[in-house]
Amino acid sequence: MINIVLFGKPGAGKGTQAMFLKTNFNLVHISTGDLFRKNIKNETTLGKLAKSYMDKGDLVPDKVTIDLLETEVDQNHQVNGFIFDGFPRTKSQAKSLDNFLLKKEMSIKATIALEADDDVLVKRLLMRGETSGRIDDQDETKIRNRFDEYNQKTAPLKSYYDAQRKFHSIDGIGTVEEITFRLKLLIDSLQ
Ligand code: ADP
């Protein structure tokens, strides 16, 4: 099984590249952000709770997010592997994921960070906000708050995965195809 965690700040291109990885390596793509947005659209209790955090650019509480992720993994059987996009985002989520996978005799193969400069990301997100309708993409203060959340809570995961020798990063600046090529080279080298 190839289970891959995609890291990167908002706007780094995780979702875009996950689409490629999914097809190329025949994996199941799980994006916690997409799952929350689906719940918001369907006006579920979970969606209402998540929205109150997401609209401000804050992280949704760990317990809620971990339960959501585990339910989603459990719904997929006999797959080649998963791409985790936007999860884990905190140390507690990373530990939960390791324990959860261990119980299923699975593990993370690699975590890959897409690196890009904040100012480039702000421009990308504001542009996305014009068409996506995402409230969290339409205001620079909210975008910067998401970067702060990333720096405080998600960036420390680098050392967590480094300790397991599973952390990799690639340059996330360039055309979509260029970045896809870098990712493919890296993943091929892991197998
Ligand atoms: P982006 O990477 O552009 O921020 P996402 O769709 O991954 O977009 O996430 C959007 C929002 O969903 C986050 O700002 C956060 O509020 C919530 N979210 C997504 N994944 C998680 C997570 N693992 N833990 C907590 N909150 C999350």
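1. P88 is placed in the loop between β3 (82–85) and α5 (91–103); helices (H or I, at least four residues) and strands (E, at least two) are DSSP runs numbered from the N terminus. The peptide bond from F87 to P88 is cis, with omega near 0°. N26 lies in the loop between α1 and β2. For context, most residues other than glycine have a negative phi, and most peptide bonds are trans.

2. On sources: this is a predicted model, in which local features need pLDDT of at least 70 and side-chain atom pairs count only at pLDDT 80 or more, while totals for chains, interfaces and linings use all residues. Residues are numbered from 1 along each chain as its sequence is written, and side-chain values use heavy atoms, with hydrogens and water left out.

3. The ligand is surrounded by 19 residues, and the closest are T32, R37, D58, G86 and Q93 (a residue is near if one of its heavy atoms lies within 4 Å). Helix α2 (residues 32–41) gives the most to this shell, with four residues. By class the shell has six nonpolar, six polar and seven charged residues. Here Ala, Val, Leu, Ile, Met, Phe, Trp, Tyr, Cys and Pro count as nonpolar, Asp, Glu, Lys and Arg as charged, and the others, Gly among them, as polar.

4. A pocket is an open set of points on a 1 Å grid over the protein atoms alone, with protein on both sides within 12 Å along at least five of seven lines; a cavity is a set where a 1.4 Å probe fits but cannot get out; lining residues have an atom within 4 Å of a point. The largest pocket holds about 970 Å³ of space, where a volume is the space filled by probe spheres set on the points.

5. Of the 43 residues lining the largest pocket, P10, G11, K14, R128 and R134 lie nearest its centre. Elements that each supply at least two lining residues include α1 (14–25), β2 (28–31) and α6 (118–132). The lining has 12 nonpolar, 18 polar and 13 charged residues.

6. The second largest pocket has a volume of about 230 Å³. Among its lining residues are R37, K38, K51, D55 and R134. The elements giving two or more residues to this lining are α2 and α3 (45–54), and α2 gives the most, with four. The lining divides into three nonpolar, two polar and seven charged residues.

7. There is one cavity of 30 Å³ or more. The largest cavity has a volume of about 50 Å³. F87 and P88, the residues of the cis peptide bond, are among those that line this cavity, as are K14 and G86. β1 (4–7) and α7 each give two or more residues to the lining, which has five nonpolar, three polar and two charged residues.
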